[in-house]
Amino acid sequence: MNFRRFLCRGTENALVAVDLLAMAHNIQKLHHKIQHGTASRHRIPVKEAA
């Protein structure tokens, strides 16, 4: 995503920018998994609930 620097001043504004970057990164990962058909697979097998 080529993030280099914050375009805002202040700690609170920088934290908001980091939160937005984290959400964008997670959405991008989810989109990639959906496109490749691996969204429902898990690396570790999930146990069934009783």
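Modeller: Let's start with how helices get called: helices (H or I, at least four residues) and strands (E, at least two) are DSSP runs, numbered from the N terminus. This is a predicted model, where local features need pLDDT of at least 70, side-chain atom pairs count only at pLDDT 80 or more, and totals for chains, interfaces and linings use all residues. Residues are numbered from 1 along each chain as its sequence is written, and side-chain values use heavy atoms, leaving out hydrogens and water.

Colleague: Fine, so how many helices and strands are in the protein?

Modeller: One helix and zero strands. The radius of gyration (taken over C-alpha atoms) is set against a globule rule of 2.2 Å times the number of residues to the power 0.38. Here the radius is 17 Å, well over the 10 Å that the rule gives for 50 residues, so the protein is more spread out than a compact globule. Along the principal axes, its C-alpha atoms fill a box of roughly 50 × 25 × 10 Å.

Colleague: And what should helix 1 span?

Modeller: The expected span is 1.5 Å times one less than the number of residues. Helix 1 covers residues 11-36; its 26 residues should span 38 Å, and the end C-alpha atoms are 38 Å apart, which agrees.

Colleague: Where does Ala24 sit, and how far is it from Met1 in space?

Modeller: Ala24 is in helix 1.

Colleague: What percentage of the residues count as buried?

Modeller: Buried means under 20% relative accessible area, exposed over 50%, and partly exposed in between (1.4 Å probe, protein chains only). Of the 50 residues, 4% count as buried. Ala24 is partly exposed at 32%, and Asn13 is partly exposed at 42%. Ile27, at 58%, counts as exposed.

Colleague: Which residues make the nonpolar surface patch?

Modeller: Like charges are joined within 9 Å, nonpolar side chains (Val, Leu, Ile, Met, Phe, Trp, Tyr) within 5 Å. Here Val16, Leu20, Met23 and Ile27 make a patch of about 410 Å². Areas come from the Shrake-Rupley method with a 1.4 Å probe; for residues, only the protein chains shown count as cover.

Colleague: How many aromatic pairs are there?

Modeller: Rings of Phe, Tyr and Trp (its six-membered ring) pair if their centres lie within 6.5 Å; planes under 30 degrees apart are stacked, over 60 edge-to-face, the rest tilted. That gives one aromatic pair. The rings of Phe3 and Phe6 have centres 5.3 Å apart and planes at 70 degrees, so the pair is edge-to-face. Phe3 is partly exposed at 42%, as is Phe6 at 37%.

Key: Patch = residues over 30% accessible without salt bridge, like charges linked within 9 Å, V, L, I, M, F, W, Y side chains within 5 Å. Salt bridge = Lys/Arg side-chain N within 4 Å of Asp/Glu carboxyl O.
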